[in-house]
Amino acid sequence: MKETRKIEKLYKSQPTIEGAGVHLRRAFGFAEVPLFDPFLMLDDFRGDRPDQYIKGFPWHPHRGIETITYMLHGEVEHGDSLGNKGVIRPGDVQWMTAGSGIVHQEMPRGDAGGRMGGFQLWANLPASQKMIDPRYRDVKREQIPVVSLKNGIEIRVVCGEIEGKKGPVQDIVIDPQYLDVSVPRGSEFTHAIKRGHTAFAYVFEGSGRFGDQKAKPAGGGSLVLFSDGDQVAVTTQEEPARFLLISGKPIGEPVAWRGPIVMNTQAELKVAFEEYGNGTFIKRR
């Protein structure tokens, strides 16, 4: 019999300011390491006041991680030290592997109504992958399969597999699933997740009961960290729910983290910041 995962911990996203003054809500971050291994941070950067996001995230470095940006409204223009440029729009995903090091900027713009936003997830890289060459996986909205289940449940599959449909982002070392799930009111959704993998849900519209129909409903801005098990279960009652459902294989290595750089030791962090200061941060092969 399949074991349904229970709620291990329930969090509420907290307001913070990042970049050059971008107002956002942090679902989890540094304080929660290593509970979310292999994930490091999830930011909800939705907003409708341009003065609270327009200055964006000017040039800054990354090393040792992957950043996954999923847009809902508006757009983000990005550029980097390797000459890459592009724009991600509603429904698009950018999966960036910083690897050995990249310096980039992300500059948001609102839609006609001033709305801009989405989510950025940081995933860790194991020691064996931290110094690989940087790369991008840019995924357009139309490349992401949408799976419709009974009772009107709809899932956008960025990474993972539902009903035989695989997401466009594949061959990632942490074996992740990244799903955008919409569950109508009065419905139940169950989904298998590999035992031993870390799994969490971030609710950004409506509310639902996670793991147990007797559990307290988790509403917008709530993050549910699941215990281990074979599957997750979500039920809705008076209102629908829309949430990110994310899972991945833990790395189980030490984490040394300062700002935008995540390594395994303090010595590696020191080297990274010294290289950033003396101009040798970018490794061209």
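Is Phe36 buried or exposed? I looked it up: Phe36 is buried, with a relative accessible area of 1% (buried means under 20%, exposed over 50%, partly exposed in between, with a 1.4 Å probe and protein chains only).

A note on what I am reading: this is a predicted model, where local features need pLDDT of at least 70, side-chain atom pairs count only at pLDDT 80 or more, and totals for chains, interfaces and linings use all residues. Residues are numbered from 1 along each chain as its sequence is written, and side-chain values use heavy atoms, leaving out hydrogens and water.

Next, the rings. I searched the whole structure and found 14 aromatic pairs (rings of Phe, Tyr and Trp, the last by its six-membered ring, with centres within 6.5 Å; planes under 30 degrees apart are stacked, over 60 edge-to-face, the rest tilted). One of them is Tyr11 with Phe36, a tilted pair at 5.7 Å centre to centre and 50° between the planes. Tyr11 sits in strand 1 (residues 7–12) and Phe36 in the loop between strand 3 (22–28) and strand 4 (39–44), 25 residues apart (strands are DSSP runs of E, at least two residues, numbered from the N terminus). I checked Tyr11 too: it is buried, at 16% relative accessible area.

I then followed the ring pairs and found a cluster of Tyr11, Phe28, Phe36, Phe39 and Phe200.

Another entry: Phe210 and Phe226 make a tilted pair, 6.3 Å centre to centre with 50° between the planes. Phe210 belongs to strand 19 (residues 198–210) and Phe226 to strand 21 (residues 222–226), so the pair ties together parts 16 residues apart in sequence. Phe210 is buried at 2% relative accessibility, and Phe226 is buried at 5%.

Conventions
Helices (H or I, at least four residues) and strands (E, at least two) are DSSP runs, numbered from the N terminus.
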